[in-house]
Amino acid sequence: MSVCLRQPQTCLRRVWRRAWETNHHPRPGSSANLATAEVFPLSTWTTSTQLPVVYKYPLLAGRELWGCTFINLDSLKTTDHNMLPPEPKPFDADQLNQPDQTLYDWVWQSPSPTLELAQSPLFKKPAHFLTLEERTRLTYERAKKICDAYSLTVEDILLLSPKFWKLQTDPIAAVDGGALTLISIQYNLFMGTVAPFAASRPDLQWILQRALSFEISAQFMLTEVGHGLDARNLETTATLLPDGGFELHSPSWAAAKCMPPTTPRSGLPVVAVVIARLIVEGENYGVRPFLVPLGDGREMCKGVVAKALPPRAGAHPIDHSLTLFNRVVLPNSALLGSLEKPRNERDHFFSTIQRVSAGTLFLSGASIPALKLAVYNAAQFSLRRRVTGHDGNPMAVIKFRTQHLPILHAIAQYHVLQAFLVQAATIFRNRKVDPRVRHAIATVFKAAALQHFQKSIKALNDGCGWHGYYEHNQILQSELEFRAVGTAEGDIRVLAIRLASELLIGRYQLPSPKDPNSPVALHEAALWTEAKTHLIEFGGMHRSEDFNRNILPLSLPLIQAIGHRMALEAAKETNIDSKLCALYESGVILEDSAWYTEQGGISRRAQREMEAQAADALLPDLERLVYEAGAAPYSSAPMASERLWNTFVSELEVFSGEASFDIGTSPV
Ligand SMILES: Cc1cc2nc3c(=O)[nH]c(=O)nc-3n(C[C@H](O)[C@H](O)[C@H](O)COP(=O)(O)OP(=O)(O)OC[C@H]3O[C@@H](n4cnc5c(N)ncnc54)[C@H](O)[C@@H]3O)c2cc1C
């Protein structure tokens, strides 16, 4: 079956419509039979005080069939899993910003290969009754199944193909962020580091193939307890032995590798790229990657000690650990690359960890599906939840401006970010572009994406009342799980400081604005002028205390300002609905309301009016936009569905009895 590229949204809609119709009117002989039925014990109570909701979009209401009554897998199988993405257009230095509409459509509008998987027991079965070990193993199993659904090749990972982008931004990432973390480490950091060496080392193919199919757990060990963002000074040593092998050693607790999950809890053999300092005849030859077996899935290898860290708040459990090496002997084949001392130690270090910057871009791209799912759950809740209006009639809370505004903003943000990600990824994978610029684009995208994600996810959750404080409604969990993306694969504060410093001192430049007179471009230019003025005032000393005092706090807003402008340009060039662009623009103006009032010539009232008009224009499309995001099959939030709510209540622990208790009051 070929991929429907021309009208992917129609194609997706057809799949869902068929599933919906079949589930409501199962045909004899269809696969909607007992084998595929999930029966939920409905509560005998009237569990909801809500009146039935009349949905404008029946398909949005039809979402309630996911996980209920019958799941017609045949209808889902109409999605094409053997997807062939279009290749990004060849690079042209003069057209750095050239949008690629076909690629955009393929990445964001073709059906996800995980649509069917999201309905399987592996993802639907409640996990709260499992032990920590069982839940950890479940995260690994889910990661493997997601990768199976995509069937990437080593080349997809090496060359950062659009299939790799799609995997990293799949909606299932919002269901289990732990699985996405594992995939990101295994595919991007481990395979992305090892694969370039395989061209001259065919022996590496075996381990690459096993990592690809998740038969092993593959890790990347850079960070040490004593050396996080200054990892260039890490302490783990790999000393060359007389027979050509190496002795891997952690000289102190500060050298313990931290965060990579290395224990036998996955049940899989564990192999890692360990970044260590190469010592040859007592001399420091710089930081190098070594391929090291850590465990066989039952126990750790000799000399390797892992101490499992407790689960991260809100996150799906992974066995993040502290890992130490006690004089572990490695063969000479463990070293990836040559023994020779590099001419430029700094450049060599950054090329050794080059896949971290790919993670900077693609891991932050996962904020897009996370926002989509949060929007779906918050919108469904807000449509269902009713209060008595001024006229005495029931009214859905979605009608309140304070309720639908954060939903509309988040929708506008993820559409604009989708366009920006395709553009950023196209530039990032192009080796003809200055590596510093490629890294800079990744940082700019991450700064904007995380800013929008963190603000919106909280605002969406704040509108869900008490339901919002529970992980099972997915928004809080997503917020906690993805908060770590601000630190993992490039701490955004420090990335922004580094980039702002390099741009200020003119080491290289990013693409300049297409329309220098647009409000966001004027804002960006003014912020940079302000920072440059500061720099001139203290004599251009970028390693000074003045720089620390005055420029560091400006760095993140400077990079976010570039991000807003680039994101909006990408959205306009990708023909994103102008109503969505208008709301996005009004949102970023309000992010620095003071500047626009002081210098941009837009009063506070005018800024609010811009936002109000953009929201008015978009409001009639809200339900359609929520439905088109495709997050419904990935929702398991009881607050978002009458049926899931009933199931949830029926499974709660019940307390009742015959007791009577005198509370000591006398009759009046
Ligand atoms: C979910 C998750 C998964 C991870 N997986 C891996 C993995 O697989 N492999 C791996 O090796 N590591 C992994 N890490 C670790 C990650 O790479 C580090 O957390 C990251 O590099 C930052 O190091 P640190 O946490 O030690 O921060 P620190 O270096 O302790 O910095 C803490 C804070 O100090 C400030 N700071 C530090 N330096 C500067 C500076 N130069 N200028 C200004 N401010 C500064 C910043 O505010 C920074 O946030 C993971 C982390 C997370 C959260």
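Me: Which residues of α17 are called buried?
Reply: In helix α17 they are I492, L495, A496, I497, L499, A500, L503 and L504. Buried here means that 20 or more other C-beta atoms lie within 10 Å of a residue's own; 12 or fewer makes it exposed, anything in between partly exposed, and C-beta atoms are placed from the backbone. This is a predicted model, in which local features need pLDDT of at least 70 and side-chain atom pairs count only at pLDDT 80 or more, while totals for chains, interfaces and linings use all residues. Residues are numbered from 1 along each chain as its sequence is written.

Me: What covers the buried residues of α17?
Reply: The cover includes α12 (355–365), α15 (435–462), α18 (519–537) and α20 (552–573). Such helices (H or I, at least four residues) and the strands (E, at least two) are DSSP runs, numbered from the N terminus.

Me: How do you know that α17 reaches close to the expected length?
Reply: The expected span is 1.5 Å times one less than the number of residues. Helix α17 (residues 492–504) has 13 residues, and its 18 Å from first C-alpha to last is close to the expected 18 Å.

Me: What does α17 give to the shell around the ligand?
Reply: Helix α17 gives the most, with 3 residues. Among the others that each supply at least two is β4 (257–261).

Me: Why is F214 called buried?
Reply: F214 has 22 other C-beta atoms within 10 Å, so it counts as buried. You will find F214 in the loop between α10 (205–212) and β1. Its phi is positive, about 55°, although F214 is not a glycine. For comparison, most residues other than glycine have a negative phi.

Me: What makes R327 exposed?
Reply: R327 has 11 C-beta neighbours inside 10 Å, so it counts as exposed. R327 sits in the loop between β8 and β9 (328–330), and its phi, near 50°, is positive too.

Me: Why is strand β8 called largely enclosed?
Reply: Of the 6 residues in β8 (residues 320–325), 5 are buried, so the rest of the structure largely encloses this strand.

Me: How do you know that β7 and β8 pair?
Reply: Two strands pair if DSSP finds at least two bridges between them. Strand β7 (residues 304–308) and β8 have 5 bridges, in the antiparallel sense, so by that definition they pair. One of the partners is L324 in β8, which is bridged to V305. Strand β4 is joined to β8 by 3 bridges, also antiparallel, and C258 stands opposite L322 in β8.

Key
Two residues are in contact if their C-beta atoms, placed from the backbone, lie within 7 Å.
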